[in-house]
Amino acid sequence: SDTLFVYSDPGTIFVDNLLLVIRIILILVTTILNSIIIIIILFVIKKKTYTNILFLSMASADFTIGLFCIPFMTINLYLKWWPLGYHMCLFWIINDYSGCVLSIISLFLLTLQRFRQIVLPTRTSESLTKIKILILILIWLLCYLLWSTCAILIMPIAYPLYGCLLTYTLAYNLLSIIVPAICPAIGIILINLLIIISIRLKKSKFSNKKNFKSSQIRNRRVE
């Protein structure tokens with residue numbers, strides 16, 4: 001009888017095991033650190049501000065990534081096939097895309113709040129209102145609704161032919177990634193640039209005022 005021998009390169013096995021260890025460390029670090037942040041904001045900090053709730057939103061999204069997304073990604077990449085079936089594939093895809101997008105959106109809102117505090121300090125409020133909380137809840141619900149709809153409609157077409165991947169058409173994938181993920185990331189970069197420019201302008205104005213006052217004092221002494 002013929003026997004099929006599968007040869008595995010020792011170097012490839014070493015790299016796969018090394019990446020497995022790195023991903024396990026990443027899972028532990030992500031879940032533990034973000035759970036600490038969530039506990040501190042919810043139970044330690046007495047005064048809840050809008051910035052604190054934005055940090056809570058980002059930490060919750062990152063905690064979801066560490067708890068649900070990275071472990072399933074590790075299984076898929078290490079085994080090089082998806083062994084958990086269709087429904088767990090849906091669960092992973094929905095949480096993966098939703099968690100990543102929510103983390104980026106939360107960071108964008110944090111950056112925007114920081115920009116408003118620097119540029120418009122008197123008009124920027126840190127008070128936590130019901131409208132702000134409702135907007136954050138709606139963002140979470142809409143994000144999960146969007147990716148749940150995409151996964152439920154597309155996965156029957158893609159799975160199991162392409163494995164556990166949200167693969168449909170190039171145009172659809174580009175649109176679904178650019179709108180909820182890349183646009184906020186570009187916004188974060190632009191807002192940070194505006195923050196740097198605003199801080200430098202304020203420093204230059206302060207130094208000009210200081211130089212002007214010092215010159216006036218010198219002129220008075222000369223007179």
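The side chain of Thr-51 makes a polar contact with the side chain of Glu-126, at 2.5 Å. A polar contact here is a pair of N or O atoms within 3.5 Å; within protein, one must be able to donate a hydrogen and the other to accept it, and residues adjacent in sequence count only if both atoms are side-chain atoms. The model is a predicted one, in which local features need pLDDT of at least 70 and side-chain atom pairs count only at pLDDT 80 or more, while totals for chains, interfaces and linings use all residues. Residues are numbered from 1 along each chain as its sequence is written, and side-chain values use heavy atoms, with hydrogens and water left out.

Buried means under 20% relative accessible area, exposed means over 50%, and partly exposed lies in between (1.4 Å probe, protein chains only). Leaving aside neighbours within four places in sequence, Thr-51 is in contact with Leu-110, Gln-113, Gln-117 and Glu-126, where contact means heavy atoms within 4.5 Å.

Stepping back to the whole chain, the structure has 5 helices and 0 strands, and its elements run α-α-α-α-α from the N terminus on. Helices (H or I, at least four residues) and strands (E, at least two) are DSSP runs, numbered from the N terminus. Of the 223 residues in the chain, 31% are buried. Among contacts between residues at least 6 apart in sequence, 72% join residues at least 24 apart.

Helix 1 covers residues 10-44 and includes Asn-34. With a relative accessibility of 9%, Asn-34 counts as buried. The C-alpha atoms of Ile-13 and Tyr-78 are 9.9 Å apart, with a separation of 65 residues along the chain.

Just after helix 2 comes Lys-80, with a positive phi of about 65°, a positive value in a residue other than glycine. Lys-80 lies in the loop between helix 2 and helix 3 (85-119), and at 56% relative accessibility it counts as exposed.

Lys-132 is found in helix 4. It lies over the face of Tyr-50, at 4.7 Å from the ring centre; a charge sits over a ring if NZ of Lys or CZ of Arg is within 6 Å of the ring centre and within 35 degrees of the ring normal. Lys-132 touches Tyr-50, Ser-125 and Ser-127, not counting residues up to four places away in sequence. A polar atom of the Lys-132 side chain lies 3.3 Å from the backbone oxygen of Ser-125. From C-alpha to C-alpha, Lys-132 and Leu-54 are 9.9 Å apart in space and 78 residues apart in sequence.

The structure holds 6 aromatic pairs. One of them joins Trp-140 and Tyr-144, a stacked pair with 6.3 Å centre to centre and 20° between the planes. Rings of Phe, Tyr and Trp (its six-membered ring) pair if their centres lie within 6.5 Å; planes under 30 degrees apart count as stacked, over 60 as edge-to-face and the rest as tilted. Both residues lie in helix 4 (residues 130-158), 4 residues apart, about one turn of the helix. An α-helix has 3.6 residues a turn, so residues three or four places apart point the same way. Trp-140 is partly exposed, with a relative accessible area of 23%, and Tyr-144 counts as partly exposed at 22%. Elsewhere, ring pairs link Phe-68, Phe-72, Trp-82, Phe-91 and Trp-92 into a cluster.
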